[in-house]
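The following questions ask how terms are assigned to a structure. Each answer sets a value against its definition.

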Amino acid sequence: MTTASEVTKAPQTRISSVGAASVVAVGLAIVVGFGLFLGRLGNNEPLLKAKIVGRETTSSGVVTLATLDLATYPDSMAGEHGASGGAHPDWVSYGPSTNIWVPANAIVRVTIRNYDSATPLNSAFYASVQGTVGGDALFNGVAASRVNAADVAHTFTIHTYPTAGQPLLDVSVPLPGVAGNAPNAPGSNYPAPSVVTFSFRTGSSGRYVWQCFDPCGGSGYYAGFGGPMQTLGYMAGTLTVGGGNNA
Ligand SMILES: [Cu+2]
């Protein structure tokens with residue numbers, strides 16, 4: 001720890017105008033660089049808001065009903081990184097954004113269209129649907145509580161609370177892959193997607209982190225878990241519950 005007295009004892013050094021300008025430039029670079037770094041943490045990415053579509057009566061009262069549409073891609077050409085793919089065009093990605101907002105005290109109906117082929121799960125734990133309303137999901141229209149671990153391309157997994165003051169929000173749903181040799185759909189850069197729908201219940205306000213737990217990061221990273229798997233904006237993101245104009 002630096003105390004005020006230590007600051008006053010700092011060596012007195014004469015700094016030339018050129019040196020001072022350099023110090024300012026370096027300081028500015030640090031500030032700008034840190035700002036860019038924070039931007040990658042999600043705050044500056046486009047906020048993807050679940051759409052409030054009405055109210056629903058449940059056994060525990062009337063709650064807000066909202067819908068959320070996501071997609072997973074074999075690259076980064078269709079999500080928040082723009083048509084050029086940004087810094088890592090070949091990284092697998094979620095879209096249209098990984099910075100998600102959903103209302104508090106609500107049922108959120110999620111639809112995820114997956115355009116990527118499978119990478120077998122390391123752990124069959126993530127082949128099971130967890131934390132959804134009814135304990136299952138619809139996989140291309142068929143209800144199931146688990147899928148074959150070898151068929152999974154990605155998962156949508158909300159971590160539990162980052163602080164003890166937030167309610168639990170354990171949700172994990174596997175996303176089966178499309179066939180590796182599937183042709184692109186007409187007019188699309190991707191095959192017809194596998195479609196997974198599920199609902200989860202939110203409680204009071206909170207801020208969470210979610211990510212994919214399928215080792216989809218590519219062979220250039222340790223066990224497929226580096227690169228896009230550890231980077232917000234690709235296979236990880238934030239989930240804000242409530243606040244703002246929550247209905
Ligand atoms: Cu993934």
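Q: What makes residues count as touching Thr 132, and which are they, leaving aside those up to four places away in sequence?
A: Contact requires C-beta atoms, placed from the backbone, to lie within 7 Å. By that criterion Thr 132 touches Ala 137, Val 171, Val 173, Phe 198, Ser 199 and Phe 200. This is a predicted model, in which local features need pLDDT of at least 70, side-chain atom pairs count only at pLDDT 80 or more, and totals for chains, interfaces and linings use all residues. Residues are numbered from 1 along each chain as its sequence is written.

Q: Why is Thr 132 called partly exposed?
A: A residue is buried with 20 or more other C-beta atoms within 10 Å of its own, exposed with 12 or fewer, and partly exposed in between. Thr 132 has 18 C-beta neighbours inside 10 Å and therefore counts as partly exposed.

Q: Where does Thr 132 lie relative to strand 6 and strand 7?
A: Thr 132 is in the loop between strand 6 (106-114) and strand 7 (137-139). Strands are DSSP runs of E, at least two residues, numbered from the N terminus.

Q: How do you know that strand 7 and strand 11 pair?
A: Pairing requires DSSP to find at least two bridges between two strands. Strand 7 and strand 11 have 2 bridges, in the antiparallel sense, so they pair. Leu 138 has Thr 197 in strand 11 as its bridge partner.

Q: What joins strand 6 to strand 11?
A: Strand 6 and strand 11 (residues 194-201) run antiparallel and are joined by 8 bridges. Ile 112 is placed opposite Val 196 in strand 11.

Conventions:
Helix = DSSP H or I, 4+ residues; strand = E, 2+ residues; numbered from the N terminus. Contact = placed C-beta atoms within 7 Å.
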